[in-house]
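Have the structure open beside you as you read.

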Amino acid sequence: MGFVRNPNMRNGDFLEGMLSDYVGGKAKVKAPKTGSTRLVTALTFLQFAFAVYATFLLYYMSPAVDLRTKPDFTWATSIARNMKQFIIPAHVLGRYQEAASFIRAEIPAITPSEVCENEKIDFMQKKSNDVQMIKLKRELYDEILDFQSKTIGTETLAELMAMKSKWDMRGPNRPKVTVLLNHFKRKTLCSQLDSLLQQTLPFHHVWVLSFGSPNERSLKRIVDSYNDSRISFISSSYDFKYYGRFQMALQTEADLVYILDDDMIPGKKMLQILSHVAGTEKYKNSVLGSIGRILPFRQKDFTFPSYRKFRSKEAGLYLPDPAYDITIVKIVQVDFLSSSWFLSAELVKALFIETPFTFMTGEDLHLSYQLQKYRNAGSFVLPVDPTDKETWGDSEHRLAYVSETTVIFKDIVQVRDDQWWRALTTGYETQWAAMHPQKVDALFYAHSVDEVKALAPLLEKFRSTVGKKAYIVVSGGNFCPCEYAAAALNWPKLVCKERRFKIFDLQIGALSGTSNSEVPVLQAVYSSMKGLIKMHNPSVVITVTDIDPNVKKALKMASETNANGTALVLLPRPSVSKVLWMADLRSTALPNWNRMRLSVNIITQNRAPSLTRLLKSLSDAYYCGDEIPISFNMDSKVDEATIKLVDSFEWPHGPKTLRRRIIQGGLIRAVSESWYPTSDDDYGLLLEDDIEVSPYYYLWIKYALLAYHYDPQISLPELSSISLYTPRLVEVVKERPKWNPTEFFKRIHPNTPYLQQLPCSWGAVFFPKHWREFYVYMNMRFTKDAKSNPVQIPKSRTNGWQASWKKFLIDMMYLRGYVSLYPNFPNQASFSTNHMEPGAHISAKDNVVRHDKSDFEVPLLKEDFRPLLPNGKLPPSSKLPSLNLFNQPVSLKGLKAAGAKLGQDVLKCDNATEIVTVNHVTGLPQQCSKFL
């Protein structure tokens, strides 16, 4: 017996009864085998179909869904239709469709025209009638545009669109642009969406954002009314303020993002224009917009005004500014953009590198500041075609500009003033800074209050020196609050608030927060100092040697970025008060602080006690944190005590080198071969072991080198060495009369340094170029018999000297007009002294001259020498008196004339007007050159 359906039964009832009877087993009717097989097969197929096509069936089998209006997934649609007809009877489907039609009739689909509202502006954009202000604003705008046209170049809209771009607006390489519209209360969403839907370059997505908006429901209805899958509505009951939209921009997978305030109605060509420019090589690393601001310029009193100061040219510019008839017809770089931002999605990340000053306002400035600081990216306002509104970033030209001529809350102005000033003082190069590059002598950096105190004496010396300019940078935050630093310097706390360059607070602790990594601090110090160095162009950046190693790395990297040359000076704390003379150096000499490399070269053999005394004096000296290599040059007959002493000696200021001869060479070779320069910045200090030095000897050498040799504005090519010692005798005259330079120069100044045509063998630094020259000269003129030497200086005792390297150097200096710099202090106090202990010359068998120790042993300077100098500093090179070999006043030209007249150099030159000049790399004589 088969299943028989009652003709009066409804399809649904029959199907339900059939399944119930079969599954429940209430009807025991036995069906023929063939019928059961067909039923089982049908049910199995039905179960399989549901398992495979569940998603499609559940969607398309809904009675309220009209399959004809949906995409025709052919195979799924066909199955759905067949299944729906088989499972849901026609009268059931019809009943549901009737209900759905009734609901649709009750709630018809909404359209934009039904839900959109338009923003109403009851007044026109104000126009200024202040002739003076119009003139000032136009002048400033023209100055900025002229500067930028000469430095970075400015283009019109047509020129920009003619530039090559990576984006092909019609080809396969068309950019994906996500537009973010942030809305709160303004009624402009429909105008924005209408404009975006008509863009010549279609957008990829539009995200309408509603954060804490009281109009959230109406905004959502507007988005729904457009019924466009590319337009999405994103809302939150929490108000993320101005930064929320940028946080959302981080989520896009698009190439570019366009973030619009709710008061910007872009022209229909804006996406195409913006994308094209963003794809050019010149502007790819930029943020583009339609409105921007130039931050304040410095005033005559060296302060900066508020950006909202009325009737002030220095308050900056709002661009474009209809109030002053300023229209942007050429692209212009600004300090920050307002109301709209177009940039690559990658650049958005820079906004969140540092914690913003506040989340209540200022996201526009913070974005441009962070982009420049960490990505070297600029902010640009695009030009427009004044006759084509479709090229305008705000086609209304009223909504976005009206705020410039309306009242803004005073507290907001103060917050924004504080924000831009903090940006400027932490490395943000504004247009004012670009147009007016500064030049300061020194930037001091302190990471802690203790470091501020350590650097204070030198900072105050710089600031109190006429013509010198110096500022201090402090880490700020938890490391070194500005107010604490000001107190340590005895400055009023007001310096931390006033808009005047004096102290820069980087607020590193506040920005980086708590972290176990050194990266945030290193990054913050580097990026801020790089900007400050670029703006203020310091000759030196000065800090203490024991500063945090990561901060030291950051300062080093930042200093190296300055193309004009900025030296990083690391000073041991005890040395800070000893180098106050640094402030007396020219700003042109200061960048060479680290260029020179002095090596100490000791000649020793068998005077261990003398050597011990010398080494102690060297160890007790001040070295300003410089690396000073030391070498010991020992002859073959060196004794055991000396070897043990030099082997065990520890030298913390640089590498130590030991040299020992196999064959005894004697003093002439021991000295002349103890050092040879490796570069033009390599200087050799030669010391015999019976010498002792002052703690200030190195400071004297460094000061003199920077003042007279490393200052590009000083030309003193005759200077070949710097003596540490002041002689008491005229040693080249047979009678060897006593001589007192303090008395001799009292009419000039009793303690003036002086130049003399005499090298010093009791502590002197020799210059690399002249030492190479001396090597060649000595090789060409060396003879065992002193009398056969072709150079015989009239009335000079040196003619009879035999085993003396100094004799050959005197000859060369006399013939070519070279001089040494000598110190001159009361009682011949010097930076070195000779203890006249037995050696190669003193008490030698062939030395018949009796030596009085008091004639050679001079007192050492134990106190700072700077106060003793004329006016407390080294005099200008033009004021240095010069003496000849016999301690007689002669001009530098007169010295050369005497050498030329002698005419005994290695080349035959005109005896009246020429002297020998050499190749300073090889030291070889090159030609005769005129000196008159």
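## Helix pairs, backbone and cavities

Helix H9 (residues 189–197) packs against helix H10 (residues 216–226) at an angle of about 25 degrees, and their axes are 10 Å apart. Angles under 35 degrees count as roughly parallel, so H9 is roughly parallel to H10. H9 passes H10 in a right-handed crossing. On the H9 side, the contact is made by Leu189, Cys190, Leu193, Asp194 and Leu197, while H10 brings Leu219, Ile222, Val223 and Tyr226. Sorted by class, the contact of H9 with H10 has 8 nonpolar residues, no polar ones and 1 charged one. Keep in mind that this is a predicted model.

Now move along the chain to another pair. Helix H19 (residues 519–536) and helix H20 (residues 549–560) pack at about 30 degrees, with axes 8 Å apart. That angle makes H19 roughly parallel to H20. The crossing of H19 and H20 is right-handed. Among the residues making the contact are Val521, Leu522 and Tyr526 of H19, along with Val551, Ala554 and Leu555 of H20. By class, the contact of H19 with H20 has 11 nonpolar, 2 polar and 2 charged residues.

Here are the two pairs side by side:

| Helix pair | Angle | Axes apart |
|---|---|---|
| H9 and H10 | about 25 degrees | 10 Å |
| H19 and H20 | about 30 degrees | 8 Å |

Next, look at the backbone. Most residues other than glycine have a negative phi, and most peptide bonds are trans. Which kind of peptide bond runs from leucine 319 to proline 320, cis or trans? The bond is cis, with omega near -10 degrees. You can find proline 320 in the loop between strand E7 (317–319) and strand E8 (332–334). Asparagine 376 is also worth a look: its phi is positive, about 55 degrees, although this residue is not a glycine. Asparagine 376 sits in the loop between helix H13 (363–375) and strand E11 (378–381).

Finally, what about empty space? Rolling a probe the size of a water molecule over the atoms shows where such space is left. A search of the whole structure finds 10 cavities of 30 Å³ or more. The largest cavity holds about 80 Å³. Its lining has 13 residues, with Ala900, Gly903, Asp905, Cys909 and Glu914 nearest the centre. Helix H29 (892–902) and strand E28 (914–918) are the elements that give two or more residues to this lining. E28 gives the most, with 3 residues. By class, the lining of the largest cavity divides into 6 nonpolar, 3 polar and 4 charged residues.

Note on methods:
Residues numbered from 1 in each chain as written. Predicted model: local features only at pLDDT ≥ 70, side-chain atom pairs only at ≥ 80, totals over all residues. Heavy atoms only, no water. 1 Å grid on protein atoms, 1.4 Å probe; cavity = no way out; pocket = protein on both sides within 12 Å on 5 of 7 lines; lining within 4 Å. Points joined across faces, edges and corners; volume = space filled by probe spheres on them. Helix = DSSP H or I, 4+ residues; strand = E, 2+ residues; numbered from the N terminus. Nonpolar A, V, L, I, M, F, W, Y, C, P; charged D, E, K, R; others polar. Axes fitted to C-alpha atoms, helices over the stretch in contact; angles between N-to-C directions. Parallel < 35°, antiparallel > 145°, perpendicular 65-115°, else oblique. Left-handed = near helix turned anticlockwise from the far one by under 90°. Contact = heavy atoms within 4.5 Å.
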